[in-house]
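Work through the exercises below with the coordinates open. Each task is followed by a solution in steps.

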Amino acid sequence: MFKTNDLATAAFLIVRGCELSNAYINSHKIYVFEFNGDADKIRKIAIEYINSECATFDAQVKNLKKILSPGYI
C-alpha cells in the first residue's frame, strides 16, 4: 500500500493506472489517498510525477491562485 496527501500526486497515480483503495480527510483535516499495490512501484510513479512538467504546471496553478486571493498584495 502507498499513501499520499498530495491531491495532484494522487491524480497522476490514478491516470497512470494505480488503484485508489481509499480517500478521506483525517482528524487533522489533511487529505489522505491510499493506493493498493507494490508501494515501491507506486512510489517510483509518484517520483516520476514530481520530475514531470505536470508537477511544474500544478505549482504554477497554485501560484496563480495565490496571487488572486484576497490579501496577497
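**Exercise 1. Leu-7 and Glu-34**

Task: Classify Leu-7 as buried or exposed, and find how far Leu-7 and Glu-34 are apart in sequence and in space.

Solution. Step 1: Leu-7 has 52% relative accessibility and therefore counts as exposed; the classes are buried under 20% relative accessible area, exposed over 50%, and partly exposed in between, with a 1.4 Å probe and protein chains only. Step 2: Leu-7 lies in helix H1. Helices (H or I, at least four residues) and strands (E, at least two) are DSSP runs, numbered from the N terminus. Step 3: Leu-7 and Glu-34 are separated by 27 residues in sequence and by 11 Å in space, C-alpha to C-alpha.

The model is predicted: local features need pLDDT of at least 70, side-chain atom pairs count only at pLDDT 80 or more, and totals for chains, interfaces and linings use all residues. Residues are numbered from 1 along each chain as its sequence is written, and side-chain values use heavy atoms, with hydrogens and water left out.

**Exercise 2. Salt bridges**

Task: State how many salt bridges the whole structure has, and describe those of Glu-34, Glu-48 and Asp-40.

Solution. Step 1: The search finds 4 salt bridges, each being a side-chain nitrogen of Lys or Arg within 4 Å of a carboxyl oxygen of Asp or Glu. Step 2: One of them pairs Glu-34 with Lys-3, with 3.6 Å between the closest N and O atoms. Glu-34 is in strand S3 and Lys-3 in strand S1 (residues 2-4), so this pair ties together parts 31 residues apart in sequence. Glu-34 counts as buried, at 9% relative accessibility.

Step 1: Glu-48 and Arg-16 form a salt bridge at 2.3 Å, N to O. This pair also links distant parts of the chain, 32 residues apart: Glu-48 belongs to helix H2 (residues 39-50), and Arg-16 to the loop between helix H1 (7-15) and S2. Glu-48 is partly exposed with a relative accessible area of 38%, and Arg-16 is partly exposed with 40%.

Step 2: Asp-40 and Arg-43 have their closest N and O atoms 3.0 Å apart in a salt bridge. Both residues lie in helix H2, 3 residues apart, or about one turn of the helix. Arg-43 counts as partly exposed at 38% relative accessibility.

**Exercise 3. A backbone angle**

Task: Where is Lys-29 found, and what is its phi?

Solution. Step 1: Lys-29 sits in the loop between strand S2 (19-25) and strand S3 (31-36). Step 2: Its phi is positive, about 65 degrees, although Lys-29 is not a glycine. Step 3: For reference, most residues other than glycine have a negative phi. Step 4: Lys-29 counts as exposed, at 72% relative accessibility.

**Exercise 4. Helix H3**

Task: Compare the reach of helix H3 with the expected value.

Solution. Step 1: H3 (residues 53-68) has 16 residues.

**Exercise 5. The chain as a whole**

Task: Give the order of helices and strands and the extent of the chain.

Solution. Step 1: The chain has 3 helices and 3 strands, in the pattern β-α-β-β-α-α along the sequence. Step 2: The C-alpha trace spans about 45 × 30 × 15 Å along its principal axes. Step 3: Of the 73 residues, 26% count as buried.

Terms used. The expected span of a helix is 1.5 Å times one less than its number of residues.
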